[in-house]
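Please examine the sequence and the structure before reading on.

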Amino acid sequence: MKEFVAYIVKNLVDNPDKVNIKEIGGTQTLIIELSVEKSDIGKIIGKRGKTINAIRTLLMSVASRNGLRVNLEILEEDSEEEESAEVETQEEVKAADTAE
């Protein structure tokens, strides 16, 4: 999965050498964290989020063939406040999943 995302993203951005992808795997769920240079974030998201939604759709299609669930997240490494807020959001999502 990591290579699949890397191939797509590196062909979209101006600085492919600055693309970092991290996989966090579970038994049935895979979280892929994507970080790119700040100037390339807009290229990954696209107008009204169409590009990132298309990437996520492709990724979900590939993952479903392997019996996995996948979540693609874009990280901004420059601001620690946003990262901590994102971690809190992930914890809230996990808590909601366990509550169901």
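The model is predicted, so local features need pLDDT of at least 70 and side-chain atom pairs count only at pLDDT 80 or more, while totals for chains, interfaces and linings use all residues. Residues are numbered from 1 along each chain as its sequence is written, and side-chain values use heavy atoms, without hydrogens and water.

The chain contains 4 helices and 3 strands; these are DSSP runs numbered from the N terminus, with H or I over at least four residues for helices and E over at least two for strands. Their order from the N terminus is α-β-β-α-α-β-α. Of the 100 residues, 28% are buried, that is, under 20% relative accessible area with a 1.4 Å probe and protein chains only, whereas exposed means over 50% and partly exposed lies in between.

Helix 3 comprises 16 residues, 50-65, and spans 23 Å from first to last C-alpha, close to the 22 Å expected at 1.5 Å a residue; the expected span is 1.5 Å times one less than the number of residues.

| Residues of helix 3 | State |
|---|---|
| Ile52, Ile55, Leu59, Ala63 | buried |
| Lys50, Arg65 | exposed, on the face turned away from the buried side |

The buried residues of helix 3 fall within an arc of 70° seen down its axis, so they line one face of the helix; the arc is taken from the directions from the helix axis to the C-beta atoms. These buried residues pack against helix 1 (2-10), strand 2 (29-35), helix 2 (41-45) and strand 3 (69-75), where contact means heavy atoms within 4.5 Å. After helix 3 comes Gly67, with a positive phi near 70°.
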